[in-house]
Amino acid sequence: MSESQRAIPVPPSAELPPGSAIAVIGLGRTGLGVARLFRAEGHPVLLLESREGPEHQAAAASLQAEGIAVRLGAPLALESLPEPRPAAVLVSPEIGRAHV
C-alpha cells in the first residue's frame with residue numbers, strides 16, 4: 001500500500017449482524033464489486049462518489065436498479081455518511097488519503 005493510501009479495518013461480512021448498513025466510498029472497480037457483494041449478502045449499501053460524469057451516472061443507475069443507494073457529487077468525507085453511521089465503511093484503494 002502506498003503512502004497516499006490507507007486501509008480501514010472492516011470485519012468480514014460473516015461477522016456483521018444480518019442487515020447491517022454498509023457504506024462504500026468510491027465508484028471504481030473495487031467499489032462496484034464490494035457494493036454488489038455486500039448487497040448480495042443482504043446488507044443495505046450506500047455508495048458515495050465525488051464525481052458526477054455521464055459514466056458515473058450510468059453506473060449509479062445500474063447499481064440503484066440492484067437495490068444499492070448511490071450519492072454522486074458527495075464529498076468523500078465522514079460528514080457525507082448518514083446518521084446513524086453504517087456498521088462498516090469501506091474505502092476503495094484508489095482513493096487517496098487526501099480525499100477521506
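Which residues of α1 are buried? In this predicted model, they are Gly31, Leu32, Ala35 and Phe38. Buried here means under 20% relative accessible area, exposed means over 50%, and partly exposed lies in between (1.4 Å probe, protein chains only). The model is predicted, so local features need pLDDT of at least 70 and side-chain atom pairs count only at pLDDT 80 or more, while totals for chains, interfaces and linings use all residues. Residues are numbered from 1 along each chain as its sequence is written, and side-chain values use heavy atoms, with hydrogens and water left out.

The protein holds 2 helices and 4 strands. Helices (H or I, at least four residues) and strands (E, at least two) are DSSP runs, numbered from the N terminus. Their order from the N terminus is β-α-β-α-β-β. Of the 100 residues, 36% are buried. Contact means heavy atoms within 4.5 Å. Among contacts with a separation of 6 or more, 58% come from residues 24 or more positions apart.

Two strands pair if DSSP finds at least two bridges between them. β1 and β2 run parallel and are joined by 4 bridges. Here valine 24 stands opposite leucine 47 of β2. β2 is also joined to β3 by 4 bridges, again in parallel. Leucine 47 faces valine 70 of β3 in this pairing. β1 pairs with β4 as well, in the parallel sense and over 4 bridges. In that pair, alanine 23 is opposite valine 89.

Alanine 88 belongs to strand β4. This residue is buried, with a relative accessible area of 4%.

β1, α1 and β2 form a right-handed β-α-β unit. A crossover is right-handed if, with the strands pointing away from the viewer, the path from the first strand over the helix to the second runs clockwise. The passage from β2 through α2 to β3 is likewise a right-handed β-α-β crossover.

α1 has 12 residues and reaches 17 Å from first C-alpha to last, close to the 16 Å expected at 1.5 Å a residue. The expected span is 1.5 Å times one less than the number of residues in the helix. The buried residues of α1 fall within an arc of 145° seen down the axis, so they line one face of the helix. The arc is that of the directions from the helix axis to the C-beta atoms. Elements covering these buried residues include β1, β2, α2 and β4. Arg29 and Ala40 are exposed on the face turned away from the buried side. Just after α1, glycine 42 has a positive phi of about 95°.

α2 also has 12 residues and reaches 17 Å, close to the expected 16 Å. His56, Ala59, Ala60 and Leu63 are buried in α2. Viewed down the axis, the buried residues of α2 fall within an arc of 100°, so they line one face of the helix. An α-helix has 3.6 residues a turn, so residues three or four places apart point the same way. The cover over the buried residues of α2 includes α1, β2 and β3. Pro54 and Ala65 are exposed on the other side.

A nonpolar core is a set of buried Ala, Val, Leu, Ile, Met, Phe, Trp, Tyr and Cys residues joined through side-chain atoms within 4.5 Å. The largest has 16 residues, of which Ile22, Val45, Leu47 and Leu63 touch the most other members. Leaving aside neighbours within four places in sequence, leucine 63 contacts Leu27, Leu32, Arg36, Leu47, Ile68 and Val70. A second, separate core has 10 residues, including Leu46, Leu76, Leu81 and Ile95.

One further backbone feature remains. Glutamate 83 and proline 84 are joined by a cis peptide bond, with omega about -10°. Proline 84 lies in the loop between β3 and β4. Most residues other than glycine have a negative phi, and most peptide bonds are trans.
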